[in-house]
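The following paragraphs lead through the structure, beginning with a definition and ending with two individual residues.

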Amino acid sequence: MALDFILPAGLEAAEPPPSRDGVRLLVASADGVRHARFDQLGEFLAAGDLVVVNTSATLPAAVTADRAGVPVEVHFSAELDDGAWVIEVRPAGVSAGPVTDLRPCEVITLDAGAALIVGEPQPAGQVRLWRARPRIDGGVSAFLARHGRPIRYAYVPRQWPLPEYQTVFAREPGSAEMPSAGRPFTAQVVTDLITRGVAVAPIVLHTGVSSQEPGEPPQPERFRVPPATARLVNSTRQAGGRVIAVGTTVTRALESAADPDGSVRAGHGWTDLVLGPSRPARVVTGLVTGWHAPGASHLALLAAVAGSGLVERAYAEAVRQEYLWHEFGDSCLLLP
């Protein structure tokens with residue numbers, strides 16, 4: 001899609017907002033663009049609509065490490081089926097990108113006598129993410145619980161505790177970074193949706209690290225669409241309701257479980273689906289999302305759901321009205 005913009009200085013949210021559901025909400029539809037607060041979300045949906053949420057919980061996935069005497073930071077991105085992990089290794093502190101000279105068979109030393117044995121790039125064809133074999137007593141999850149912290153990028157100048165990176169839906173730990181489209185939801189917002197006749201259903205998709213290079217496609221991610229959610233999606237579509245995905249993670253999971261006719265099957269596993277002009281959305285007909293950086297692969301997914309024109313109008317208005325970007329920022333509701 002031809003969405004190319006410059007994010008003005010000062011529009012990157014640097015800290016959590018005072019209230020989760022008090023962030024701004026831009027609503028973009030065929031009728032135009034409206035401005036609201038997130039606690040008004042239900043006013044723009046209708047009885048019979050279905051909101052699908054991600055119940056993955058965020059791991060404290062960043063740890064301090066040592067690489068042959070040089071301090072580094074390791075980001076744990078995803079656990080593979082054989083027990084290895086996909087990792088990203090960065091210079092110590094808040095850096096602009098990964099180390100560029102990682103090599104197979106390197107040993108990266110962690111706290112408490114733990115270590116990582118570096119394997120091969122995962123997936124092949126790039127050098128940002130690597131497969132690594134952990135040598136950690138008690139397992140990676142327990143180690144992260146003791147020694148890890150949330151992944152943080154340069155636009156957030158101070159460290160915030162893990163609860164700030166959890167959504168109200170978080171139940172199953174596994175995401176390297178927060179499924180942030182769900183962050184503005186509160187119990188009050190969910191209750192308001194239910195009382196308006198809007199159903200809510202869960203999926204799980206564990207996000208990897210989001211620091212892709214410009215133009216780099218999203219990496220494979222583990223997902224699960226439960227049978228009850230698949231049934232609700234199908235019955236909603238048959239009754240003429242809208243299927244509203246909360247975030248690109250939910251969109252990717254539902255579309256990965258979709259047949260060509262748009263019906264959804266229960267399923268689980270890994271998805272490498274990339275939505276875009278050659279694979280538009282079949283299931284999702286609305287999207288709650290945060291604001292993505294210029295060049296992010298997520299922008300093609302938004303266009304696959306809402307169309308390039310609507311997404312471009314929304315982003316132009318968000319820049320003009322100085323909405324805030326990233327995981328602690330404002331929200332958008334796309335209703336094509």
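A polar contact is a pair of N or O atoms within 3.5 Å; within protein, one of the two must be able to donate a hydrogen and the other to accept it, and residues adjacent in sequence count only if both atoms are side-chain atoms. The model is predicted, so local features need pLDDT of at least 70 and side-chain atom pairs count only at pLDDT 80 or more, while totals for chains, interfaces and linings use all residues. Residues are numbered from 1 along each chain as its sequence is written, and side-chain values use heavy atoms, with hydrogens and water left out.

The protein is divided into domain 1 (20-58 + 161-335) and domain 2 (62-147), with bounds that come from an automatic or database domain assignment. Their C-alpha centres lie 29 Å apart. Where the two meet, 11 residues of domain 1 are in contact with 14 residues of domain 2, contact meaning heavy atoms within 4.5 Å. Domain 1 and domain 2 bury about 880 Å² between them, 47% of it on carbon and sulfur atoms; this buried area is the accessible area (1.4 Å probe) that two parts lose on being put together, summed over both.

Between the domains there are four residue pairs in polar contact, both residues at pLDDT 80 or more. There is also one salt bridge between domain 1 and domain 2, defined as a side-chain nitrogen of Lys or Arg within 4 Å of a carboxyl oxygen of Asp or Glu. Asp81 forms a salt bridge with Arg222, with 3.1 Å between the closest N and O atoms.

Next comes Asn54, which lies in strand β3; strands (E, at least two residues) are DSSP runs, numbered from the N terminus. Asn54 counts as buried because its relative accessibility is 5%, the cut-off being under 20% relative accessible area (1.4 Å probe, protein chains only). Its side chain reaches the backbone nitrogen of Ser56 at 3.0 Å and the backbone oxygen of Leu205 at 2.8 Å. Leaving aside residues up to four places away in sequence, Asn54 touches several residues, including Thr167, Phe169, Pro179 and Thr249.

Asp49 lies in the loop between β2 (32-37) and β3 (50-54). At 4% relative accessibility, this residue counts as buried too. The side chain of Asp49 reaches the backbone nitrogen of Ala46 at 2.9 Å. Asp49 and Val243 are 194 residues apart in sequence, yet their C-alpha atoms are 6.2 Å apart in space. Not counting residues up to four places away in sequence, Asp49 touches Gly197, Val198, Ala199, Gly241 and Arg242.

Definitions and conventions. Helix = DSSP H or I, 4+ residues; strand = E, 2+ residues; numbered from the N terminus. Buried < 20%, exposed > 50% of the residue type's maximum accessible area, 1.4 Å probe, protein only.
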